[in-house]
Amino acid sequence: MSTVILPPSERWRDWFLAVFIVLSVSGILPALACAALGALFDVIGWWPVYVGLAALLAAFFRWVWSL
């Protein structure tokens, strides 16, 4: 009697997962994401980054002061 732990998946999903892992580990996908974010921020400006950092700092200080 054999128990199947993982059900068989479709072939395209297996290939997608394999390609995603290879591109992630090789550094190609992170480099593309970094280039895309850089191009986006060059177009709209860098203010969203500063707003996000300010929100993170505010949340961190709120957490520290609540201890």
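This is a predicted model: local features need pLDDT of at least 70, side-chain atom pairs count only at pLDDT 80 or more; totals for chains, interfaces and linings use all residues.
Just after helix α2, G45 takes a positive phi of about 95°. Helices here are DSSP runs (H or I, at least four residues), numbered from the N terminus.

Residues are numbered from 1 along each chain as its sequence is written, and side-chain values use heavy atoms, with hydrogens and water left out. The protein averages a pLDDT of 89, and 91% of the residues score at least 70; pLDDT is the predictor's confidence in each residue, from 0 to 100. Confidence is lowest in helix α1 (residues 11-26), at a mean of 90, and highest in helix α3 (residues 47-66), at 95.

Now to the helices themselves. The expected span of a helix is 1.5 Å times one less than its number of residues. Helix α2 (residues 28-44) has 17 residues and should span 24 Å; its end C-alpha atoms are 24 Å apart, which agrees.

L17 is found in helix α1. At 48% relative accessibility, L17 counts as partly exposed; this class lies between buried (under 20% relative accessible area) and exposed (over 50%), with a 1.4 Å probe and protein chains only. The C-alpha atoms of L17 and G38 are separated by 26 Å, with the two residues 21 apart along the chain.

Let us move on to helix α3, where F60 lies. The C-alpha atoms of F60 and W15 are 40 Å apart, and 45 residues separate them along the chain. A search of the whole structure finds 5 aromatic pairs. The rings of F60 and F61 have their centres 5.6 Å apart and their planes at 65°, so the pair is edge-to-face. Rings of Phe, Tyr and Trp (its six-membered ring) pair if their centres lie within 6.5 Å; planes under 30 degrees apart count as stacked, over 60 as edge-to-face and the rest as tilted. F60, F61, W63 and W65 form one aromatic cluster. F60 is partly exposed, with a relative accessible area of 45%, and F61 is partly exposed too, at 38%.

V64 also has its place in helix α3, and is partly exposed, with a relative accessible area of 30%.

Terms used:
Helices (H or I, at least four residues) and strands (E, at least two) are DSSP runs, numbered from the N terminus.
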